[in-house]
Amino acid sequence: MARLTLLYILPILAALALVSNAAPAATTQANDSANLSVIGDVLAPEQERFDYSVFLNDLTPAQRQQVNDVIAQTAGKSDDEKRAIIQAAADPASFSPSLKAAATGSSRKTFAASTSDAETQSILDTSVYASIAYCTDTSSLASWSCGTKCASDRVRGTQPIIALNGQSTFGYIALRPSAKQIIVSYRGTTVQVKNFIDDLDFIRFPYPYSTQGLSVSGLSVHKGFTIALDETRSQLRSALAPLAAAHPDYDVVFTGHSLGGSMAALAAVDQVGSGALPASRIKLITFHAPRTGDSDWARLVNTIGFKTLLRVTQENDIVPHLPPAAFPFSFEHEGNERWAHKGSFHACAGDEDWACSNSRVPFLDPLQHLNFFDMEWYFGKLGPLGCHVTL
């Protein structure tokens with residue numbers, strides 16, 4: 001009888017233990033979520049619908065502790081003092097290797113290696129082409145007369161070919177004879193950054209384009225970014241094919257900022273998957289792009305064989321950390337991140353290097369999204385300088 005009683009009692013005790021353990025865990029989750037919302041209210045006060053608690057499951061244990069420590073410092077402080085404490089935690093100027101190691105729990109105590117000078121110059125050159133997409137339209141593109149950026153020495157001699165006009169998107173194709181390159185550049189969103197973040201959904205759907213000759217299956221990508229590319233996809237295909245054939249020794253550089261970066265990645269993979277271009281002719285260099293697809297997408301981009309693959313991020317810009325990586329969203333960046341931090345580009349390891357821009361989560365700033373390197377308002381036309389800032 002005693003043995004039979006134990007058979008009934010032990011499962012009940014185990015269940016009670018699970019319940020008792022779950023309650024503190026749920027409380028901790030709720031507290032961490034509330035702390036993230038407080039940080040978001042300070043760093044992104046204009047956001048109406050987006051909440052920083054979405055980053056909760058993307059945090060490492062060390063980052064959760066850092067959040068709790070920062071919030072603890074605000075106890076009993078005035079509103080102005082609380083804002084100052086949280087803003088200080090987000091300030092790129094005060095961020096050091098030791099802080100980074102503490103924030104991520106990483107054993108790496110130093111920054112990732114800086115990029116070579118040749119790679120840095122390539123990034124800087126391409127950034128001008130990415131930024132020009134904001135500063136031109138069909139009429140000004142024809143004469144390459146978008147002001148300061150089109151007059152930059154870095155793009156001197158560029159020959160515009162065609163504008164890629166969509167209902168809500170824009171891009172262009174140009175020749176750069178001095179570097180033997182065909183440039184395909186996509187403009188990012190033209191709404192204010194806060195609106196882009198508020199309106200951004202986290203919906204993936206099956207990759208819709210051909211993957212002929214590629215050993216992939218089941219990958220999914222962001223639905224909205226793919227719809228944006230669809231607006232100009234046929235224009236790109238019909239214009240790029242004869243141009244690439246006429247210049248067989250030219251590389252094809254796909255680039256863009258923000259949404260334009262995700263569109264560039266989708267377009268580059270589409271060219272290879274459809275058999276239009278070999279991956280060995282393609283250079284994909286994006287700036288401040290959000291996550292475009294799932295881990296299968298990231299693996300495809302990493303292994304497809306592009307001549308160059310660079311994903312440039314900026315300090316603690318918020319957009320590259322959206323959509324979130326953790327379940328249930330499950331987005332993942334492709335690799336070769338180059339993190340612009342304190343006036344240098346740092347070469348990062350793997351797809352999501354927690355020693356680079358991921359180390360800044362959740363102290364992320366929407367205002368960094370339009371900055372580049374050490375220049376404010378470099379991308380877009382919305383800032384006080386807009387298209388007048390160049391390298």
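The lining of the second largest pocket divides into seven nonpolar, eight polar and three charged residues. Here Ala, Val, Leu, Ile, Met, Phe, Trp, Tyr, Cys and Pro count as nonpolar, Asp, Glu, Lys and Arg as charged, and the others, Gly among them, as polar. The model is predicted: local features need pLDDT of at least 70, side-chain atom pairs count only at pLDDT 80 or more, and totals for chains, interfaces and linings use all residues. Residues are numbered from 1 along each chain as its sequence is written, and side-chain values use heavy atoms, with hydrogens and water left out.

**Pockets**

- The second largest pocket has a volume of about 370 Å³, a volume being the space filled by probe spheres set on grid points that are joined across faces, edges and corners.
- A pocket is an open set of points on a 1 Å grid over the protein atoms alone, where a 1.4 Å probe fits, with protein on both sides within 12 Å along at least five of seven lines; lining residues have an atom within 4 Å of a point.
- Of the 18 residues lining the second largest pocket, Thr189, Phe196, Gly224, Phe225 and Leu259 are the closest to its centre.
- Helix H7 (193-199) and helix H8 (223-246) are the elements that give two or more residues to the lining of the second largest pocket; helices are DSSP runs (H or I, at least four residues) numbered from the N terminus.
- The largest pocket has a volume of about 500 Å³.
- Among the 22 residues that line the largest pocket, Leu43, Glu46, Asp365, Pro366 and Leu367 are the closest to its centre.
- The lining of the largest pocket comprises 12 nonpolar, six polar and four charged residues.

**Aromatic rings**

- The whole structure contains 16 aromatic pairs, in which rings of Phe, Tyr and Trp (its six-membered ring) have centres within 6.5 Å; planes under 30 degrees apart count as stacked, over 60 as edge-to-face and the rest as tilted.
- Phe50 and Tyr52 form an edge-to-face pair, 5.8 Å centre to centre with 70° between the planes.
- Phe50 also pairs edge-to-face with Phe55, at 5.9 Å centre to centre and 70° between the planes.
- Phe50 counts as buried at 12% relative accessibility, as do Tyr52 at 2% and Phe55 at 1%; buried means under 20% relative accessible area, exposed over 50% and partly exposed in between (1.4 Å probe, protein chains only).
- Phe287, Phe345, Phe372, Phe373, Tyr378 and Phe379 form one aromatic cluster.

**Charges over rings**

- The charged end of Lys149 sits over the ring of Tyr378, 3.9 Å from the ring centre; this requires NZ of Lys or CZ of Arg within 6 Å of the ring centre and within 35 degrees of the ring normal.
- Arg233 lies over the face of Tyr209, 4.0 Å from the ring centre.
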